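Subject: Structure handover: helix packing

Hi,

Here is the structure for your set. My notes on the helix packing follow below.

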Amino acid sequence: MRLLDTNAEIYRDIVPRVVRAAPRAVILVITDPPDPLVDVARTSAGHDRVLGTGTFLDSLRFRVHLAEHFDVDAKQVEAQVIGEHGVSQVFLWSTARIAGVPISTLIKERDETLDSVCKKIEENVRYANITIIEGNDASQFGIGIVAARIAEMVLRDERAVIPVGSYNDRFGVTLSLPSIVGRGGVVRTFEPEMSRDERQALELGAANLRKSIRRT
């Protein structure tokens, strides 16, 4: 909470200055914790052209680790992480696929259990930063690439669909869902198909985020 409070204070000072200098700009929040800080930036900016990197990097890492596990090209993997960029993030195993084949089917064909594969891959994704830092003393490259890619989507009005953080009326807080990103920032969000457990986890994560933002 101390990090959030400190960064929230900085954002409340800086964001109004950014808006005065560039009133039509899209604001991209990268600073941790990004989801509550998007809410702070949005309130301070007085507009909705604010988004965060959210679970975009987590989703890319999810796909990479699935690709390594099944020995395929990561571009053939369809998988997403949604919700909070943090401990309550939700891995959408129920809709994860390779070449249209459900991951659960591929796991059965390998005589593995879904629980064991989930535990291994989720741990690798959640603690990727620590692993990277232990390897090369730096973890800024991943988030740097993601931030640059989102900036390209905005500048080129690509309308690409990626999981990024933006304020969601239904949940009453910023969290990551698959979103169309273009010149105006997040143009639209989608709620993907989820299992009951995944939806409950998303609701719980949203509740935790609402508590966090109320404390700032």
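Contact here means heavy atoms within 4.5 Å. Helices (H or I, at least four residues) are DSSP runs, numbered from the N terminus. The model is predicted: local features need pLDDT of at least 70, side-chain atom pairs count only at pLDDT 80 or more, and totals for chains, interfaces and linings use all residues. Residues are numbered from 1 along each chain as its sequence is written, and side-chain values use heavy atoms, with hydrogens and water left out.

**H3 and H7**

Phe56, Leu57 and Leu60 of H3 meet Gly142, Ile143, Val146, Arg149, Ile150 and Met153 of H7. By class, this H3–H7 contact has seven nonpolar, one polar and one charged residues (Ala, Val, Leu, Ile, Met, Phe, Trp, Tyr, Cys and Pro count as nonpolar; Asp, Glu, Lys and Arg as charged; the others, Gly among them, as polar). The axes of H3 and H7 (residues 140-155) come within 10 Å and cross at roughly 115°. Axes are lines fitted to C-alpha atoms, for helices over the stretch in contact, and angles run from 0 to 180 degrees between N-to-C directions. So H3 is roughly perpendicular to H7 (65 to 115 degrees).

**H3 and H5**

The axes of H3 (residues 56-70) and H5 (residues 114-126) come within 9 Å, crossing at roughly 135°. H3 is therefore oblique to H5 (oblique is what remains after under 35 as roughly parallel, over 145 as roughly antiparallel and 65 to 115 as roughly perpendicular). On H3, the contact uses Asp58, Arg61, Phe62, His65, Leu66 and His69. On H5, it uses Val117, Lys120, Ile121, Asn124 and Val125. The H3–H5 contact residues split into five nonpolar, three polar and three charged.

Best wishes

Key:
Helices (H or I, at least four residues) and strands (E, at least two) are DSSP runs, numbered from the N terminus.
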